[in-house]
Amino acid sequence: MILPVPVGRSFTYAVPPQMAESIKVGSRVVVPFGNNKLHTGIVLSAGDSADSSGYEIKEIAELVDTEPVVGGHELRMWEWMADYYMCALGDVMKAALPGGMKLTSETSIRLIDDFDDFDSLTKSEMTVMDKLSGGRHKTMEELHKAAKGINVMRVVRSLMQKGALEVSETMVETFRAKKEVHVRIVPKYLDETALNELFESLQKTPRRYALMLKLAELASVETAIKMRNPQLMEEVSRNRLLKEANVSAAVLAGLKAKGIVETYDYEIGRLGGNAGSVVDQLPLSEAQQAAFDKISSEWQRHNVCLLHGVTSSGKTEIYIRLIRKMINEGRQVLYLLPEIALTTQITQRLQRIFGDEMGVYHSKFPDAERVELWQKQMSARPFSLVVGVRSAIFLPMQRLGLVIVDEEHETSYKQQDPAPRYNARDAAVVLAQLHGAKVLLGTATPSIESFYNTTIQKYGYVRLDKRYGDMLLPNIEVVDVQDLLRRKMMQQPFSPPLLAEMKQALESGEQVILFQNRRGYAPVVECNACGWVPTCEYCDVSLTYHNDDHKLHCHYCGNTFLIPEKCPNCGGYHLRSFGFGTEKVEEEVRKLFPKARTARLDLDTTRSRSSYRNIIDAFSEGKTDVLIGTQMVSKGLDFDNVRVVGILDADTMLSRPDFRCNERAFQMMSQVAGRAGRRNRQGYVILQTRRADSQLIAQVVEGDYMGMYQAQLRERQQFFYPPFYRLIYVWVKHRDEAVVNETAYLLAQQMLRVFGGGVLGPDKPAVARIQMKHIRKVALKVSPAMPAAEVRANLYSIVGNVLALPRLRSAMIYFDVDPQ
Ligand code: ADP
Ligand code: ZN
Ligand code: ZN
């Protein structure tokens, strides 16, 4: 049994005789755990295995599913993940299943506001609803106590299915596509006799009758029937229908349940051409066709193939061909995208082509929707294509044939917190292997690891050097800021060449992207008199001034602070600020180009629902002229009219204390630069730096991926870093600095003794305290010659030894395998 708890692996329970027949691997059960609290668990194996732990074996309380909700391949991947990333199997289960599928005593539940179909509820369901009325939310445990004698888990599950309840943790603001739910009558009633009979049968339910009458009117159903053309029906939005018919959502739900009407996502429905009609695919260019053929032949010899295609080479079009081919062969495709790119052009384009065959999965979608998609994937008619972010790797697949990992170099594929700290790209390779499926990794700037794997024949390799339509790669000009500063020629963050280019672009109606990888207004604030710098109360980090709310923000814990009226150190009255965050860059652009319409794309402007999409759409439609942003501006976007890209400060990227610093800087700058250029004219990139003569800058300018790769690889080999050695970080956290120090010290000492070399630390990370917790890190470089299982066993036993000391027992220790 797997339980959603952060300890151990699996747990043994006794199967009561009445369940013995129907219990299956992959099904959910409810079991008592710990203080006899109830948890939903997943059956990992069932049989007569004797348990040797010596603990008392409890009985399964309830069998939730008669059919598995997780397939065998998925369970194998969960086990691999727990092993490889050194975490509890329960952590993986927690990450994998949507909240509504893993109720525990602690799960908090609440009413859904617009539910009012109380007629359909049973007596126990009403009791539970009563306990939740008045907008309160309660945990399962509290409900259990309040509603004595009722099987709360079962009742809550059934109420969730009826749309009356939801898990209350899911009401976070979400990234969602703009959409509107529309309603239509199902096609079989688009016939005069059928429609008359339907209305006849609805006579007894006046509210349903009223709703259908309104729907028929708004949708011009009669006309459609008369002209024998269903396409003449008008679109009807759900909200308008409910308002005009003056009935509740429950009435609609009832009609939907009876199969009389259906609801659909208007935008998706429209893009998909309704029920799965297929938009024509574009013919591939010669270069694209050659790449397509080569991918297929690489798959004869390798399970994984890397498609290394420059920006705008038309990789998406190739993916579309491969997806179509797989679907035609009756297999499923999983298409992974980095978090932020999900709401953009690529998804829309896929939706237009694959319509009803495609589902979209995002961990920030409301829980009910995630559960629905999950269940669909386990049903007899799953989606053939699922497009999703990192966590979509957990969705059950029945006939998986291909996983595409787009922008495979992206760091957001790696989950940082909480466990499992997995990389979805690497998990995809494992998952595909279990299914006998292929993997395609696509990017313009491969990660060093993936490229290395092609050179040792582990992965296949296909290169696409030409941009689609023979568009030229942008021309990159390096501007030496050091020199300009000396000659006092910088105008705030802009060099004269950048200003000149911006001016020309704006005058001729073209667009500009400015890239500054710092949000807020001013990254540094300081007392004019004594040099005091405001820092976060909870983290060891200086604060950034934000002009939007005139406050100081901590970018680590998110707390904000008022600007002190006078310096707390010397009592002086003048705080001054330095540096340029995106807010200040925007302000400067507005000063210099008062007519330009500007927009900002960073974490602060994209917090609310769909604001990311709105900003991107406005820029693509030419409603804004200058887009200023953090690295968000580099992600998977394709604009037509961008003449200039300005990289305002390359140096912040070049000076991070991290062995991947140069690789990341190259990727980020190449990706941003790739946004410049238009159909028939070369784009221009101005790259401002104080290190104009550095080798990496030259490699970015030349588009010399191989040069960067070889230089990095030499360094990695020399200093025992990936891909030659594996890295495992051991993190220690505690509120008490002395505890953290001692724990980390003992860990490092014992690791040195066991592993000999390869131990670095303990180190204080750059931000050594976050949210009141002190942090230390011990790094281990693992030679490929060491068996992984042995390394893990050693690490676990070292941690066990250290935590056995009573004074260190409360230290938090966890592993990060293959850290980013
Ligand atoms: P990449 O993902 O490699 O950066 P895209 O797939 O976004 O490139 O393609 C770049 C541009 O070229 C897009 O605007 C796309 O619509 C266009 N394009 C790519 N392939 C074709 C094709 N075969 N026919 C017409 N347009 C294409
Ligand atoms: Zn001062
Ligand atoms: Zn903080």
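Q: Are E663 and R716 buried or exposed?
A: Let's start with the term: buried means under 20% relative accessible area, exposed over 50%, and partly exposed in between (1.4 Å probe, protein chains only). Here, both E663 and R716 are buried. This is a predicted model, where local features need pLDDT of at least 70, side-chain atom pairs count only at pLDDT 80 or more, and totals for chains, interfaces and linings use all residues. Residues are numbered from 1 along each chain as its sequence is written, ligands are numbered from 1 in the order in which they are written, and side-chain values use heavy atoms, leaving out hydrogens and water.

Q: What do the side chains of E663 and R716 meet in?
A: A salt bridge is a side-chain nitrogen of Lys or Arg within 4 Å of a carboxyl oxygen of Asp or Glu. The E663 and R716 side chains form one, at 2.7 Å from N to O. E663 lies in helix 23 and R716 in helix 25, so the pair ties together parts 53 residues apart in sequence. Helices here are DSSP runs (H or I, at least four residues), numbered from the N terminus.

Q: Which residues are the protein donors of the zinc ion (ligand 2)?
A: Donors are N, O and S atoms within 2.8 Å of the metal (3.2 Å for Na, K and Ca); water is not among the atoms, so sites may look incomplete. For this zinc ion, they are the SG atoms of C527, C530, C567 and C570, lying 2.2 to 2.4 Å from it.

Q: Why is the arrangement around the zinc ion (ligand 2) tetrahedral?
A: Four donors count as tetrahedral if all angles lie between 85 and 135 degrees. The angles here are 107 to 113°, which makes the arrangement tetrahedral.

Technical notes:
Tetrahedral: all angles 85-135°; square planar, octahedral: opposite > 155°, others 65-115°. Helix = DSSP H or I, 4+ residues; strand = E, 2+ residues; numbered from the N terminus.
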